[in-house]
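Me: Please take a close look at one part of this model, the packing of its helices. Then say how that part sits in the whole.

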There are 2 protein chains.
Amino acid sequence: MEFKVNSKDLEKLLTKIIPAVPTRTPMPILENFLFEIKDGLLTIYATDLEISLKSSLNIVSDENIKAVVPAKLIYDIVRSLTDTTILFSFNESGKLLLKTETGKYTLSYLPSEEYPDIPSFPGEGTKAADINEFSIKGSELRNAFDKTSFAMSKEEMRPAMMGTLFEFTDDGLRFVTTDGHRLANLLNKNIKTDFNEQYVVPERAITVLSKILDEKDVKVYLNKTHVSFILSDFELITRLIGQKYPDYNSVIPLENELELKIKTKDIHDAIKRMMLFSVSNTRKVKFSLSENTLEISAEDVDKGASGDEVLNCEFKGNDLEIGFNSAYVNDILNHLSGENEVIFKLHSATKAVIVIPVEQKENMELMMLLMPVRLNS
Amino acid sequence: MEFKVNSKDLEKLLTKIIPAVPTRTPMPILENFLFEIKDGLLTIYATDLEISLKSSLNIVSDENIKAVVPAKLIYDIVRSLTDTTILFSFNESGKLLLKTETGKYTLSYLPSEEYPDIPSFPGEGTKAADINEFSIKGSELRNAFDKTSFAMSKEEMRPAMMGTLFEFTDDGLRFVTTDGHRLANLLNKNIKTDFNEQYVVPERAITVLSKILDEKDVKVYLNKTHVSFILSDFELITRLIGQKYPDYNSVIPLENELELKIKTKDIHDAIKRMMLFSVSNTRKVKFSLSENTLEISAEDVDKGASGDEVLNCEFKGNDLEIGFNSAYVNDILNHLSGENEVIFKLHSATKAVIVIPVEQKENMELMMLLMPVRLNS
């Protein structure tokens, strides 16, 4: 069974599918691609049993075959080739031969029966009425992940928080992530749907999608257990996290009447310097607010070192001292670094703080939330 | 005791000195810089007891002081600042205060007595007659290290091979490195001296020098135990390796009458692909030579995978099969990648092979040597 393919076309495709191949897995079979050749179409699948990714390429071939081929080796061979035609030959004895003008590369393949079931959409028994769908620009989906995915939890104790909440509301589609210490929340008002539901998409699907999204529209289909993202050339299917997402609204304070307005770069540069000193477990940095002045300080007791900066800002109200984990402040500012100015909305030293850009993008509402840490001074 | 310095001037200097600060050392004091302020000159030293690096900067200061300051912390603070003036204040109680327009940073410093003796040149008791000297362009010294340093040995069994041989001959200055498996040898005919000597410069001095060399002339002073490299702004002193360098000439074959001439890129690309298959301990790759044809092949027995490429070349003589460690061939070709064509000079499957560029740079003679590995087929 033979077919021909251009090395660069195949490289482009494999580059986008390889992120779905797990690198450390107790099931070595998952370190392979499934190649399916059917009626002149080569479809390549990768899965880690949670997500699956597939894409297709037209080829010239008279026969059909399904085979399991080593993902990393075939990817490394293909991308090391210059622009050339590769002839693939699967022989009866389990050998796959790749031939180019000057080279021959022999690999072993396995029969497709050894490859596990791939997450599929819609699964068996799903009725069409149980499927919701919407479309979103690739750039908007990427932007949502860029702004929010950093705050997903890594703690396996609360599985729902290890994903990104897609919440469909009357106002639009809201993306929410939190690890209990900080929260990121982006409302995209361009997405209007006739259903109000919550879906929790696992971290790995977000990470892989972020690598392959382009500007083009993405069509998304959802049921109770799975979601399918259809990109221009790719389909990514993932299981949803079955657990209910925590009621994040209950932690968003409404009465934060104190506003600190400051240039994003000024506070971000200062925080980066303070991180050199806030090296203890809590990575504590102190904000001391007084009229139009923000003083930021941190101390490394072990080394007898400390830092202290005084920044201009807009602030009115009673003086306030509040502590944060400097790494979390830095994370939030990293994800607001495109913004000229930001506002910190505060209430007291023990209440959650809201951080928003002064200018929101059209039809977007971005909000970050940060829990303070105790100042014991 | 106070002085002022521009942050960017100091950053530039610290960036070049920090590579001499050891990162893992049983003597934590070496993780510091020694600051010496004397008559309006700030001199900063770093050492790991084998090498020392120093540089100076004019400052405005009325007093003199020597103090030991934490290298990484001060470097990180200084490079995180925008272009500004820093006021340094050393107080009596061991605190060093750095002040900028908006920030204050406090560090602890130690008295200079706690800092170890720095390798110096010439050492005490060295007579002027025992010192040899020469000058070399920074770019030529960097090129010599670029072409040869990769082949230094990492095995502590033979200390001399863990350095680079500087051999002064009637023909010029020869740089030699070898780990017993391959050898790199560059003769620079521009350097003519009135002394014929051998000096072995340790790996760390080569690595640090490579980071700070610029185009300008380097003045080099040598005695039996130390060498001093004086760059435009820096002085690096290193102990020499006391052991005699092995007689590398005895391994360079003279009778290699078979010549394989090939485009560097062709063979290098093929070797990189073969490395995907030559993954066993010996990383063996086989060269099969016949008239104007080079076949390169490798096999991964565990995975049942193999690669085979046939390349055009210029070759006359009897057919020959010879094996190499593919990583070593790749190393050599990496360091010849600027060359359009290379020549492999061979004799038999068990004799060392010489690799040279077809066109040598003016007044330079570059030669690589590679030991074959046994083909047991």
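Reply: Helices (H or I, at least four residues) and strands (E, at least two) are DSSP runs, numbered from the N terminus. The model is predicted, so local features need pLDDT of at least 70 and side-chain atom pairs pLDDT 80 or more, while totals for chains, interfaces and linings use all residues. Residues are numbered from 1 along each chain as its sequence is written, and chains are lettered from A and ligands numbered from 1 in the order in which they are written.

Helix α1 covers residues 7-17 of chain A and helix α2 covers residues 71-80. Their axes (lines fitted to C-alpha atoms, for helices over the stretch in contact) lie 9 Å apart, and the packing angle is about 135°, on a scale from 0 to 180 degrees between N-to-C directions. The two helices α1(A) and α2(A) are therefore oblique to each other; angles under 35 degrees count as roughly parallel, over 145 as roughly antiparallel, 65 to 115 as roughly perpendicular and the rest as oblique. The crossing of α1(A) over α2(A) is left-handed, meaning that the near helix is turned anticlockwise from the far one by less than a right angle (clockwise is right-handed).

The α1(A) side of this contact consists of A:Ser7, A:Leu10, A:Glu11 and A:Leu14, and the α2(A) side of A:Tyr75, A:Val78 and A:Arg79. Two residues are in contact if their C-beta atoms, placed from the backbone, lie within 7 Å. Sorted by class, the contact of α1(A) with α2(A) holds four nonpolar, one polar and two charged residues (Ala, Val, Leu, Ile, Met, Phe, Trp, Tyr, Cys and Pro count as nonpolar, Asp, Glu, Lys and Arg as charged, and the others, Gly among them, as polar).

Chain B has a corresponding pair. Helix α1 (residues 7-17) and helix α2 (residues 71-80) of chain B cross at roughly 135°, and their axes come within 9 Å. That makes α1(B) oblique to α2(B). The pass of α1(B) by α2(B) is left-handed. From α1(B), B:Ser7, B:Leu10, B:Glu11 and B:Leu14 meet B:Tyr75, B:Val78 and B:Arg79 of α2(B). The contact of α1(B) with α2(B) comprises four nonpolar, one polar and two charged residues.

Further along chain A, α5(A) packs on helix α6 (residues 326-334) at an angle of about 145°, and their axes are 10 Å apart. The crossing of α5(A) and α6(A) is left-handed. In this contact, α5(A) supplies A:Thr264, A:Ile267, A:His268, A:Ile271, A:Lys272 and A:Met274, and α6(A) supplies A:Ser326, A:Val329, A:Asn330 and A:Leu333. Among the contact residues of α5(A) with α6(A), five are nonpolar, four polar and one charged.

A:Arg283 is placed in the loop between α5 (264-274) and β19 (284-290) of chain A. The phi of A:Arg283 is near 45°, a positive value in a residue other than glycine.

Chain A is divided into domain 1 (2-114), domain 2 (128-249) and domain 3 (254-370), with bounds from an automatic or database domain assignment. The centres of domain 1 and domain 3 of chain A, taken over C-alpha atoms, are 49 Å apart. A:Pro122 lies in the loop between β9 (110-111) and β10 (132-137) of chain A. The peptide bond from A:Phe121 to A:Pro122 is cis, with omega near -15°.

Now the two chains together. Chain B is superposed on chain A by a rotation of 180° with 0.0 Å of shift along its axis, at RMSD 0.0 Å. In chain B, B:Arg24 has the C-alpha nearest the axis, at 15 Å.

Between the chains, 24 residues of chain B are in contact with 24 residues of chain A. On the side of chain B that touches chain A, the elements giving two or more residues are α2, β8 (103-108), α5 (264-274) and β21 (305-312) of chain B. With seven residues, β21(B) gives the most to that side of chain B. The side of chain B that touches chain A has nine nonpolar, eight polar and seven charged residues.

Conventions. Copies are superposed by least squares on the C-alpha atoms of residues with pLDDT of at least 70 in both.
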